[in-house]
Amino acid sequence: MKDDILNRLQFSLGKDADHASVYDWRMAVSLTVRDQMVDTWFNSTKEAYAASSKRVYYLSMEFLIGRLIEDMISNLQLEDTVRGALTDLGQDFDEIVHDEPDAALGNGGLGRLAACFMDSLATLGIPAFGYGIRYEHGLFEQSFAQGQQVERPETWLNQRHAWEFERPEVQFPICFGGHVDHHDGKTTWHPSEKVLATAYDTPVIGWKNEWGNTLRLWSAEPVSQFDLDSFNRGDYLAAGRSEALARTISRVLYPDDTTDSGKELRLKQEYFFTAASIQDLMRRYLQDHDDLRQLPEHVAIQLNDTHPAIAGPELVRVLVDEHGIDMAEAIPLARACLAYTNHTLLPEALEKWGEWLLGRILPRHLEIIRIIEETQQREHPGSPRILEHGDVRMGELAFIMAHKVNGVSALHTELVKETVFADLHRIHPTRIINQTNGITPRRWLYNCNPGLRDLITDAMGDGWVADLEQLTALKAKRDDAAFMQAFQASKRDNKAALSNWIGQTCGIALDPDAMFDVQIKRIHEYKRQLMNLLETVALWNDMRDNPDHDWTPRVKIFGGKAAPGYYMAKDIIRLINDVAEVINNDPATKGRLKIVYPPNYNVTMAERLIPASDLSEQISTAGKEASGTGNMKFALNGALTIGTLDGANVEIREHVGSENFFLFGLTAAEVMERRQHHGYARAAIEASPRLQRVLGQIAEGRFAPHDTGRYHGVVGMLYDHDYFLVTCDFDSYFDAQRRADNAYQNADNWAAMALMNTASMGWFSSDRTIKGYARDIWNAHPPRAAMDR
Ligand code: 26Q
């Protein structure tokens, strides 16, 4: 390993050990580690090919990968080797690991889920490709200026990306615009614009280096690099213009995690990566098959939300226009390959494209969508329409072109059946199924929490890493005093490490024995960070009123970004920071209450915060959070949840036991009912003196003394259109928090509850989720297991 690293340093980086920077060392280590997985990767490809396996294609606009170096090293079981080699070379392993920038090619849950799924597909040995976009700029970087969010572009590709292989030979033309003509029964699309999609491959190696799949990200390039005529005429700007235009397609990730409606570039991004992926998988299929009617036996395409839903019409177009298959046959053939995952019920998040815009960018696809619509209406008269009020509704399109549609938690799946797709569900009653989300235990326990990982492994070996349900054996340890002490110590160590980091980065001193209460996720009204903050202010009031009470010391930690155009979310960020300023400087609550909001929450920060948490905030308005996956990461790492009956919280509570979960709030049915009552928010505020007082303080400018009107908008919203029922759930939430306070006072009992959480979370491994998709949607199998059988 040492020689390999030095070789890489010399021959790939062009540096000698005396002059190498941390970056040089990281590159040398990464390239060395990458070398060690190439054999596995090649062999997997060969085996899948030899077994003529069905391949899974996971199409996602987002892959929120984070750092790769630790994943790669641990999946290859090279931790000790690499650490040892670097120590011998006089280098610091941790410093090198922390030098890698996050690959932040996603907004949040949906993108992170795609990354967990890639890890599980490789660990299970299922032949699969992840297909997405190689954004030059991932999710923006967040900082705070006087408490307000400031966005700066993210630039992960300013440095070389160590893990990818550029594939200049894997390149497909992608067309836009123009017109369509129909001649002698043949249809031809004459596009007006063309760009090239170039592949960049990142190997994804599973646990213990047994199997490797590929994450293939597409980058947009101009068809002709440079307009030499313009250049020769001296028009240097024009010479590069078309080049720049083509490249904008893969330039930047849209930073909105609902929708940014009607944006032409977004539609181009969606078609760009979908069309490239379909050309790629068709080419692979046609290499060793000639009958396209067998396509569904070899190809499963999973659509991660509607973002790649144009895959339906595109696949039909390729089958009909390029391979001469009848339309009537092509539609069911495409459907047999396609499946769609729904991640949201929020009406503003359901994608729509103006018919006019879609027809201008993709004229042939609009024709095909009309034919799909006619076919659906003929077969199922009265079916909900894809085309309505001049819009193309991508949810309906994805549903109709998929043979299976899945929700991401049990509750969400039922709501999908009852609300957004109620009519389509009546027509196709077996199409909607549930696959509750999961998380990879490799990143979310093994790598992020070495203390707990070693404790568990010492107790039971490392079988749990690829078979997480083995953790149930930990339940027997609750009466083992030595184990419980070590369990508590590992949490204490993580909290001490986090306190150091927060001291250094935010300049706030924390007491590691206080309860660490954490809410990290995108800022959204439905996720109710505001309710958490109001409760914090109410607690602060109570602490000041009763200074002699035996208060449980608390640290409230917030993390998360707001979409740049989401003004209410940005006001909430500012309010959190303003309240923190006042409370953190109040001598009356010193040592009892602190608020910290480290800027630029990302995957790497989650890996730091989650292992150090005592209390996990999962407090969305019931019925709004499709699943949540952060909730799973916390519980696995021994945090207790305070939460509503929403998304996967319901299933988590069933697994860990209601006695190990702080439940509060209205149910999804009660939420819908409550909204019918006129003036429900004012009534709730009137009934709660505690809430009234807090809202009064905020409205008066207690937290913005030089700009007292700053939060009139926020408070007014709560009185007049509190759509997410912050006011209605406030008292119940406050009570649940006090139950958590009391429970925390008994450290041994708290630790026993925390252990029950860790021990009961095995089912939430994304390995279980992927087995469910493979069985119920894809009919895909690992070729290895087939040969072993
Ligand atoms: C769409 C069109 C235009 C611009 C942006 C978008 C867009 C981008 C991202 C829409 C939605 C998203 C992301 C959604 C998301 O992350 N949903 C979350 O998915 C998780 C995985 O299933 C769930 O756990 C969360 O509950 C859900 O909110």
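Two strands pair if DSSP finds at least two bridges between them. Strands (E, at least two residues) and helices (H or I, at least four) are DSSP runs, numbered from the N terminus. The model on screen is predicted: local features need pLDDT of at least 70, side-chain atom pairs count only at pLDDT 80 or more, and totals for chains, interfaces and linings use all residues. Residues are numbered from 1 along each chain as its sequence is written.

**Stop 1**

Select strands S14, S16 and S15. They form an open sheet of three strands in the order S14-S16-S15, with antiparallel pairing. Strand S14 (352–354) and strand S15 (387–388) are at the edges with a single partner strand each, so one side of each has no neighbour in the sheet. S14 runs antiparallel to strand S16 (residues 391–393), and three bridges join them. Glycine 354 stands opposite aspartate 391 in S16.

**Stop 2: strand S4**

Move to strand S4 (residues 128–133). Are its residues buried or exposed? Six of the six are buried, so the strand is largely enclosed by the rest of the structure. Here a residue is buried if 20 or more other C-beta atoms lie within 10 Å of its own, exposed if 12 or fewer, and partly exposed in between, with C-beta atoms placed from the backbone. In a regular strand the side chains alternate between the two faces of the sheet. In S4, Ala128, Gly130 and Gly132 point one way, while Phe129, Tyr131 and Ile133 point the other way.

Strand S1 (residues 55–59) runs parallel to S4, joined by four bridges; tyrosine 57 stands opposite phenylalanine 129. Strand S11 (residues 212–222) also pairs with S4 in the parallel sense, over five bridges. There, isoleucine 133 stands opposite tryptophan 218.

**Stop 3: strand S17**

Select strand S17 (residues 404–407). Lys404 and Asn406 point one way and Val405 and Gly407 the other, and all are buried. Strand S13 (residues 338–341) pairs with S17 in the parallel sense over three bridges, with threonine 341 opposite asparagine 406. Strand S18 (residues 432–434) pairs with S17 in the parallel sense, over three bridges. In S18, asparagine 434 is the bridge partner of glycine 407.

**Stop 4: two loop residues**

Most residues other than glycine have a negative phi, and most peptide bonds are trans. Select aspartate 305, where phi is near 70°, a positive value. Aspartate 305 is in the loop between strand S12 (299–304) and helix H12 (311–322), and it counts as buried, with 23 C-beta neighbours inside 10 Å.

Then select arginine 528, where phi is near 60°, also positive. Arginine 528 is in the loop between strand S19 (515–520) and helix H22. It is buried, with 26 other C-beta atoms within 10 Å.

**Stop 5: helix H23**

Select helix H23 (residues 567–584). H23 has 18 residues and reaches 25 Å from its first C-alpha to its last, close to the 26 Å expected at 1.5 Å a residue; the expected span is 1.5 Å times one less than the number of residues. Its buried residues include Ala569, Ile572, Ile573, Leu575 and Ile576. Among the elements that cover them are strand S6 (148–152), helix H22 (529–545) and helix H30 (712–720).

**Stop 6: the two domains**

Colour domain 1 (36–67 + 102–437 + 771–788) and domain 2 (503–747), as the domain assignment gives them. The bounds come from an automatic or database domain assignment. Their centres, taken over C-alpha atoms, are 36 Å apart. In domain 1, 33 residues are in contact (C-beta atoms, placed from the backbone, within 7 Å) with 27 residues of domain 2. Strand S2 (63–66), H7, strand S5 (141–145), S6 and helix H17 (410–418) each supply at least two residues to the side of domain 1 that touches domain 2.

**Stop 7: the ligand**

Where does the shell around the ligand lie? Domain 1 and domain 2 both give residues to the shell, so it lies between them. A residue is near a molecule if its C-beta atom, placed from the backbone, lies within 6 Å of it. Of the 24 residues around the ligand, Gly109, Leu110, Thr259, Ala626 and Ser627 come nearest. Helix H7 (residues 109–124) gives the largest share of the shell, three residues.

**Stop 8: glutamine 485**

Finish at glutamine 485, in helix H21 (residues 481–506). Glutamine 485 is exposed, with 12 other C-beta atoms within 10 Å. Select alanine 751 as well: the C-alpha atoms of glutamine 485 and alanine 751 are separated by 8.9 Å, although the two are 266 residues apart along the chain.

Terms used. Contact = placed C-beta atoms within 7 Å.
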